[in-house]
Amino acid sequence: MFKKVVEDLVANREVNVTSRYESQQRNNVTGDFQFVVMEKFLSQDNELPFFEKLIMRIYFWVKEVSLSEEKGFGLEQSKVQVEKFPLIVAPLSKLKLKRIYTDEEEEEEVS
């Protein structure tokens with residue numbers, strides 16, 4: 001189905017998939033495709049109640065054991081780049097940072 005969409009875009013001249021190399025352009029060779037699949041994961045920076053955290057963990061576990069998106073779309077593994085990004089549903093409200101100095105840093109400050 002994805003190939004049909006690309007063929008339709010090429011037919012409407014919305015996308016040019018001909019190779020950029022002159023030697024291959026003469027023979028109308030199709031260029032290479034690289035697909036980027038965006039995949040989210042549950043960030044540790046969420047302040048969720050126990051029940052919601054449990055639901056989110058179950059969701060991501062089911063997603064992990066189920067069919068991957070690249071296989072679902074029928075894409076070749078060699079042409080797929082998976083980029084993962086954190087999902088923040090409920091950001092931490094009170095985040096306290098504490099700076100920890102090493103022995104070397106304390107000696108430099110004293111000098």
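## Fold, core and selected contacts of a predicted model

Of the 111 residues that make up the protein, 14% count as buried, and it should be kept in mind throughout that the model is predicted. The accessible surface comes to about 10,300 Å², of which carbon and sulfur atoms supply 53%.

The secondary structure consists of 5 helices and 2 strands, and these elements follow one another along the sequence in the pattern α-α-β-α-α-β-α. When contacts between residues at least 6 apart in sequence are considered, 67% of them join residues that are at least 24 apart.

In soluble globular proteins, nonpolar side chains tend to be buried together. Here the largest nonpolar core has 5 residues, namely Leu 42, Leu 48, Met 56, Phe 60 and Ala 90. Phe 60, one of these core residues, touches Lys 40, Phe 41, Leu 42 and Leu 87 once residues up to four places away in sequence are set aside.

Asn 46 is found in the loop that runs between β1 (35–42) and α3 (50–65). The side chain of Asn 46 reaches the backbone oxygen of Ser 43 at 3.0 Å.

A search of the whole structure finds 1 salt bridge. Which residues form this salt bridge? Lys 84 pairs with Glu 39, and their closest N and O atoms are 3.7 Å apart. Lys 84 lies in strand β2 (residues 80–87) and Glu 39 in strand β1, so the pair ties together parts of the protein that are 45 residues apart in sequence. The two partners fall into separate accessibility classes, since Lys 84 counts as exposed at 57%, whereas Glu 39 counts as partly exposed at 25%.

| Residue | Relative accessibility | Class |
|---|---|---|
| Glu 39 | 25% | partly exposed |
| Lys 84 | 57% | exposed |

Technical notes:
Residues numbered from 1 in each chain as written. Predicted model: local features only at pLDDT ≥ 70, side-chain atom pairs only at ≥ 80, totals over all residues. Heavy atoms only, no water. Core = buried A, V, L, I, M, F, W, Y, C linked by side-chain atoms within 4.5 Å. Buried < 20%, exposed > 50% of the residue type's maximum accessible area, 1.4 Å probe, protein only. Contact = heavy atoms within 4.5 Å. Helix = DSSP H or I, 4+ residues; strand = E, 2+ residues; numbered from the N terminus. Polar contact = N/O pair within 3.5 Å; in protein donor to acceptor, adjacent residues only side chain to side chain. Salt bridge = Lys/Arg side-chain N within 4 Å of Asp/Glu carboxyl O. Areas by Shrake-Rupley, 256 points an atom, 1.4 Å probe, with all protein chains shown as cover.
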